[in-house]
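Visitor: Before we go through the labels, please put the model on the screen. I would like to hear what each label rests on.

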Amino acid sequence: MSRTFRYVPYMITHDPLACTEVSAVCVSGDDTECGEKSSVYLRPDSVIEWMRQHAQETGHRRYRRSYGHYLLLEPPDDFTGATVIGQVTHRALPPGDGAA
């Protein structure tokens with residue numbers, strides 16, 4: 001028995017109603033990582049300030065910074081409603097998108 005899966009050629013786009021989120025975790029340590037986590041912020045400079053303060057208090061200098069984006073999965077503008085064999089495509093976010 002075989003099955004054919006049909007896909008709508010969706011586009012992944014940035015949600016204009018949502019802000020980018022940024023956070024960090026301290027990964028300093030030899031045997032185990034510190035693991036101290038920042039809050040989730042809307043501005044990268046807020047995370048940089050958290051890292052600076054944590055480094056001042058602990059001497060730790062190694063962090064993992066993460067960005068979270070809200071995305072929309074939408075059919076292309078010229079989509080007629082018929083399903084086609086296809087795949088999800090990704091459109092890159094513009095540089096600095098949501099960082100302000």
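Guide: The mean pLDDT of the protein is 81, and 70% of its residues reach 70 or more; pLDDT is the predictor's confidence in each residue, from 0 to 100. This is a predicted model, where local features need pLDDT of at least 70, side-chain atom pairs count only at pLDDT 80 or more, and totals for chains, interfaces and linings use all residues. Residues are numbered from 1 along each chain as its sequence is written, and side-chain values use heavy atoms, with hydrogens and water left out.

Visitor: Where is confidence lowest, and where is it highest?

Guide: Strand β5 (residues 89-90) is lowest at a mean of 50, while strand β2 (residues 21-26) is highest at 98. Helices (H or I, at least four residues) and strands (E, at least two) are DSSP runs, numbered from the N terminus. Where pLDDT is low, the predicted coordinates should not be read in detail.

Visitor: What span is expected of helix α1, and what does it reach?

Guide: Helix α1 (residues 44-58) has 15 residues and reaches 21 Å from first C-alpha to last, close to the expected 21 Å. The expected span is 1.5 Å times one less than the number of residues.

Visitor: Which residues of α1 are called buried?

Guide: They are Pro-44, Val-47, Trp-50, Met-51, His-54 and Ala-55. Buried means under 20% relative accessible area, exposed over 50%, partly exposed in between (1.4 Å probe, protein chains only).

Visitor: What makes Glu-49 and Arg-52 a salt bridge?

Guide: Their side chains meet at 2.5 Å, N to O; the definition asks for a side-chain nitrogen of Lys or Arg within 4 Å of a carboxyl oxygen of Asp or Glu. Being 3 residues apart in α1, Glu-49 and Arg-52 are separated by about one helical turn. Arg-43 and Asp-45 also meet in a salt bridge, at 3.1 Å.
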